[in-house]
Each structure stands twice: as C-alpha cells, then as structure tokens.
Amino acid sequence: QVQLVESGGGLVQAGGSLRLSCAVSAASRSRFSINAMSWYRQAPGNQRELVATIRSSGSTNYGDSVKGRFTISRDNAKNTVDLQMNSLKPEDTAVYYCNVVVSPAWNYWGQGTQVTVSS
C-alpha cells in the first residue's frame, strides 16, 4: 500500500506564491516504481481537474489555466513531487490533490490540501 502525504497549502493574497509538496511512501518495505506524478485540484461545485503532470522521463504537462505560473518538479530519490505556484489568483482557490501512478498502473491519491487565494 502506497501512501501520499501533502503539505504546503494555506491562505495567500492574490499575486503571491505557495509551494505544495507530496511525499510518497510504502506502508511496508515493499519496493515500488512511480511513473507519473500529478497535482489535481477541485473547487467547490467543480469537477476535479488536472493541474500538472510530470512523468518519469521528466516531461511535463500543465492545465491551460496555470501555464506560465505553476511549475511541477519531482525528486526520484526521495519520491517527492512539488508544485511551485506563482502569481496566484482567486480562481486558483481549491483543494489540491497529489496523485501518483505506480507500476504497473495503480493510482493513488493524497488526502488533499486547501489553497485559498484572497483578492
């Protein structure tokens, strides 16, 4: 069983920055291989949407609304994925979820961390 622990959410004014982190670990001493690592978000009344993905190759994809403002990165040695969020807008307010795909194709989710951007 793989566990994800997110941190770094909070309240920030519009134009500010936050950095989210997600640490991935196994409940036992089992070994695992992480393929894609992603951040999603869900605002009240909205569907969960993809914010950014980074693959094991290092290639990335971003949602259109965050391109140029957010940067996703990963540390394969530490099994962590970060999301640097700059120039935050009130519409970025949401619960942010970390997601990983572990070989062969198992999906795991974090518990979510609240990001609130005030105008």
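The questions and answers below concern a predicted model of a protein.

Me: How many helices and how many strands does the protein have?
Reply: Read along the sequence, the pattern is β-β-β-β-β-β-β-β-β-β-β. The count for the protein is therefore, with runs numbered from the N terminus, as follows: zero helices and eleven strands.

Me: What is the radius of gyration of the protein, and what does the globule rule give for 119 residues?
Reply: The C-alpha atoms fill a box of roughly 45 × 25 × 25 Å along the principal axes, and 39% of the 119 residues count as buried. The protein is as compact as a globular protein of that length, because its radius of gyration is close to what the globule rule gives, the two values being 14 Å and 14 Å.

Me: Is Asp82 buried or exposed?
Reply: Asp82 is found in strand β8, residues 80-85, and beyond its neighbours up to four places away in sequence it touches Arg19, Leu20, Ser21, Cys22, Trp39, Thr71, Ile72 and Ser73. Its relative accessibility is 16%. Since buried means under 20%, Asp82 counts as buried.

Me: Which backbone nitrogen does the side chain of Thr113 reach?
Reply: Thr113 lies in strand β11, residues 113-118, and counts as buried at 11% relative accessibility. Leaving aside neighbours within four places in sequence, Thr113 is in contact with Glu6, Gly9, Leu20, Ala94, Val95 and Tyr96. Its side chain reaches, at 3.3 Å, the backbone nitrogen of Gly9.

Me: Why is Val95 classed as partly exposed?
Reply: Val95 is found in strand β9, residues 94-102, and its contacts, not counting residues up to four places away in sequence, are Tyr40, Arg41, Gln42, Gly112, Thr113 and Gln114. Partly exposed covers the range between the buried limit of under 20% and the exposed limit of over 50%. Val95 therefore falls in that class, with a relative accessible area of 22%.

Me: Which residues are joined by a cis peptide bond?
Reply: Pro104, one partner in this bond, lies in the loop between β9 and β10. The omega angle is about 5 degrees, and the residues joined are Ser103 and Pro104.

Me: What is the phi of Asn79, and what is the phi of Ser87?
Reply: Asn79 is found in the loop between β7 and β8 and counts as partly exposed at 23% relative accessibility, while Ser87 has its place in the loop between β8 and β9 and is partly exposed at 41%. Asn79 is a residue other than glycine with a positive phi, and Ser87, although not a glycine, also has a positive phi. The values are near 55 degrees for Asn79 and about 50 degrees for Ser87.

Terms used
Residues numbered from 1 in each chain as written. Predicted model: local features only at pLDDT ≥ 70, side-chain atom pairs only at ≥ 80, totals over all residues. Heavy atoms only, no water. Helix = DSSP H or I, 4+ residues; strand = E, 2+ residues; numbered from the N terminus. Buried < 20%, exposed > 50% of the residue type's maximum accessible area, 1.4 Å probe, protein only. Contact = heavy atoms within 4.5 Å. Polar contact = N/O pair within 3.5 Å; in protein donor to acceptor, adjacent residues only side chain to side chain. Rg over C-alpha atoms; globule rule 2.2 N^0.38 Å.
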